[in-house]
Amino acid sequence: MNCNECGDQLNAFVDRELTAGELGEVQRHLDDCPPCLQIFELQAGLKRLVRKECCQDEAPARLRAWVRKLPTEERRV
Ligand SMILES: [Zn+2]
């Protein structure tokens, strides 16, 4: 896997939407490639932040409305 392929799969990787084999390939690339690992950590951190914000009652209503409009990414099984 090269960096381009890794970048293509990174979003799905963050959302755990890949098969076990694909997950392993991305994981192996991230182990060897600090720049891609950094991008992954950025994306994963951002996602965690959004989830955390949207579960708090004091989160701005506008943010929650925005989050609700995002495509539901966890419906795929
Ligand atoms: Zn890379």
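Which residues are buried in α1? In this predicted model, the buried residues of α1 are Cys 6, Leu 10, Phe 13 and Val 14. They lie on the same side of α1, because they cover an arc of only 80° around the axis.

**Helix α1**
- The helix α1 is made of 12 residues, and the distance from its first C-alpha to its last is 16 Å, close to the 16 Å expected at 1.5 Å a residue.
- Asn 4, Glu 5 and Asp 8 are exposed, and they sit on the face of α1 turned away from its buried side.

**Nonpolar core**
- Seven residues form the largest nonpolar core: Cys 6, Leu 10, Phe 13, Val 14, Val 26, Leu 30 and Phe 40.
- At least two residues of this core come from each of α1 (3-14) and α2 (20-32).
- With four residues, α1 gives the most to this core.
- In soluble globular proteins, nonpolar side chains tend to be buried together.

**Contacts of Cys 6**
- Beyond its neighbours within four places in sequence, Cys 6 is in contact with Met 1, Val 26, His 29, Cys 33 and Cys 36.
- One of these partners, Val 26, also belongs to the largest nonpolar core.

**Confidence**
- The average pLDDT of the protein is 84, and 82% of the residues score at least 70.
- Among the elements of the protein, α2 has the highest mean pLDDT, 95, whereas helix α4 (residues 61-69) has the lowest, 74.

How values were computed:
Residues are numbered from 1 along each chain as its sequence is written. A nonpolar core is a set of buried Ala, Val, Leu, Ile, Met, Phe, Trp, Tyr and Cys residues joined through C-beta atoms within 7 Å. A residue is buried if 20 or more other C-beta atoms lie within 10 Å of its own, exposed if 12 or fewer, and partly exposed in between; C-beta atoms are placed from the backbone. Two residues are in contact if their C-beta atoms, placed from the backbone, lie within 7 Å. The expected span of a helix is 1.5 Å times one less than its number of residues. The arc is that of the directions from the helix axis to the C-beta atoms. pLDDT is the predictor's confidence in each residue, from 0 to 100.
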